[in-house]
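User: I have this model open and want to go through it residue by residue. Can you take me through it?

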Amino acid sequence: MIGYIHDFRPFLNEIVKLDINFRQSKTTHVNFIRFLKRKISQKHKFNQQFENKKWEGLRDIADLGRYSIIVGLTKYFCSNAHILDLGCGEGILLEKFAVSDYAAYLGIDFSEVAIKNASKLANDKARFTTGDLNKLEVADQYDVIIYNESLYYLSNPKVAIKALFKNLAPGGVFIISMVDKHGRERESIWAELDEILALQEKTKVTNQNGDSWTIRSYKMRD
Ligand SMILES: C[S@@+](CC[C@H](N)C(=O)[O-])C[C@H]1O[C@@H](n2cnc3c(N)ncnc32)[C@H](O)[C@@H]1O
């Protein structure tokens, strides 16, 4: 609850300021609505959460299993991969790779705060940039395209994945991790992906708290 209030403190201050303006100008209400829309956007929420270190816990041992599986699958499918990490957050996945594990890595996230933090991990082969996965335009092709706990935030996961078909190198693989919500797999999203892609493997990770993740890898259909 305290974290929640902290997240919204700047937001409330702005509302008070805008309310004063609103009383002084008849046109301000348009800006006020715009401001509200912007502030309650997911991107704003994530920026606030990264600023408040809410996602630091992803570095804990409790989350290590799924990162390790994703690294293992990436190396299994391609020994010197061009990797696209979508919704990369602060780049924790990159930290788990040795530089010699990949040919190139690009991490994309819409949170400027996350990307600023992640950029400290950039090297000659790895870089980070901001971008919205709901309307993503990527130029190159990648051997491994990863959605590590980000796909379920998108407005239409199936459309987002289909738009990336052109960016998957021949023989390339999508690796997708989704936490099981209340212990149950995200069946509707998996079913949509099963319709358009060829499942390669499905791995389950459970930690000692009972949190579980499903990690699936998919290739293009023949
Ligand atoms: C649960 S965090 C996972 C971060 C990272 N993949 C990891 O596991 O360390 C979800 C991430 O998805 C990003 N995200 C959510 N919706 C997004 C969108 N539409 N475009 C880009 N990034 C998005 C968030 O900013 C956040 O960094």
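User: Start with Lys 53. Where does Lys 53 lie?

Analyst: Lys 53 lies in the loop between α3 and α4 (64-77). Helices here are DSSP runs of H or I with at least four residues, strands are E runs of at least two, and both are numbered from the N terminus. This is a predicted model: local features need pLDDT of at least 70, side-chain atom pairs count only at pLDDT 80 or more, and totals for chains, interfaces and linings use all residues. Residues are numbered from 1 along each chain as its sequence is written.

User: What is pLDDT, and what does the protein chain average?

Analyst: pLDDT is the predictor's confidence in each residue, from 0 to 100. The protein chain averages 89, and 82% of the residues score at least 70.

User: Where does pLDDT stay under 50?

Analyst: Over residues 1-7, for which the model has six contacts beyond four places in sequence. A contact means that two C-beta atoms, placed from the backbone, lie within 7 Å. Where pLDDT is low, the predicted coordinates should not be read in detail.

User: Back to Lys 53. What is its phi?

Analyst: Positive, about 60°, although Lys 53 is not a glycine.

User: Is Lys 53 buried or exposed?

Analyst: Lys 53 is exposed, because it has 11 other C-beta atoms within 10 Å. The cut-offs are 20 or more other C-beta atoms within 10 Å for buried, 12 or fewer for exposed, and partly exposed in between, with C-beta atoms placed from the backbone.

User: And which residues of α3 are buried?

Analyst: In helix α3 (residues 42-51), they are Phe 46, Gln 48 and Phe 50.

User: What about His 182, what is its phi?

Analyst: Near 50°, a positive value in a residue other than glycine. His 182 sits in the loop between β5 and α8 (187-196). His 182 is exposed, because 4 other C-beta atoms are within 10 Å.

User: Switching to the ligand. How many residues surround it, and which are the closest?

Analyst: 20 residues surround the ligand, and Gly 87, Gly 89, Phe 110, Leu 133 and Tyr 153 are the closest. The elements giving two or more residues to that shell are α3 and α5 (92-96).

User: What is the shell made of, by class?

Analyst: There are 10 nonpolar, seven polar and three charged residues around the ligand. Ala, Val, Leu, Ile, Met, Phe, Trp, Tyr, Cys and Pro count as nonpolar, Asp, Glu, Lys and Arg as charged, and the others, Gly among them, as polar.

User: Now the core. Which residues touch the most other members of the largest one?

Analyst: The largest nonpolar core has 43 residues, and Ile 83, Leu 86, Val 144, Ile 145, Ile 146, Phe 174 and Ile 175 touch the most other members. β5 gives the most to this core, with six residues. A nonpolar core is a set of buried Ala, Val, Leu, Ile, Met, Phe, Trp, Tyr and Cys residues joined through C-beta atoms within 7 Å.

User: What does Phe 174 touch?

Analyst: Leaving out residues up to four places away in sequence, Phe 174 touches Ile 145, Ile 161, Leu 197, Ser 217 and Tyr 218.

User: And Gly 172, where is that?

Analyst: Gly 172 is in strand β5 (residues 168-179). Gly 172 counts as buried because it has 22 C-beta neighbours inside 10 Å. Beyond four places in sequence, Gly 172 touches Tyr 142, Asp 143, Val 144 and Ile 145.

User: How do β6 and β7 run?

Analyst: Antiparallel, with nine bridges joining strand β6 (residues 197-206) to strand β7 (residues 212-220). Strands pair if DSSP finds at least two bridges between them. Leu 199 stands opposite Tyr 218 in β7. The hairpin has five residues between the strands, and Gly 210 there takes a positive phi near 90°.

User: What does Asp 211 touch?

Analyst: Asp 211, in the loop between β6 and β7, touches Ala 62 and Val 179, not counting residues up to four places away in sequence. Asp 211 counts as partly exposed because it has 15 C-beta neighbours inside 10 Å.

Definitions and conventions: A residue is near a molecule or strand if its C-beta atom, placed from the backbone, lies within 6 Å of it.
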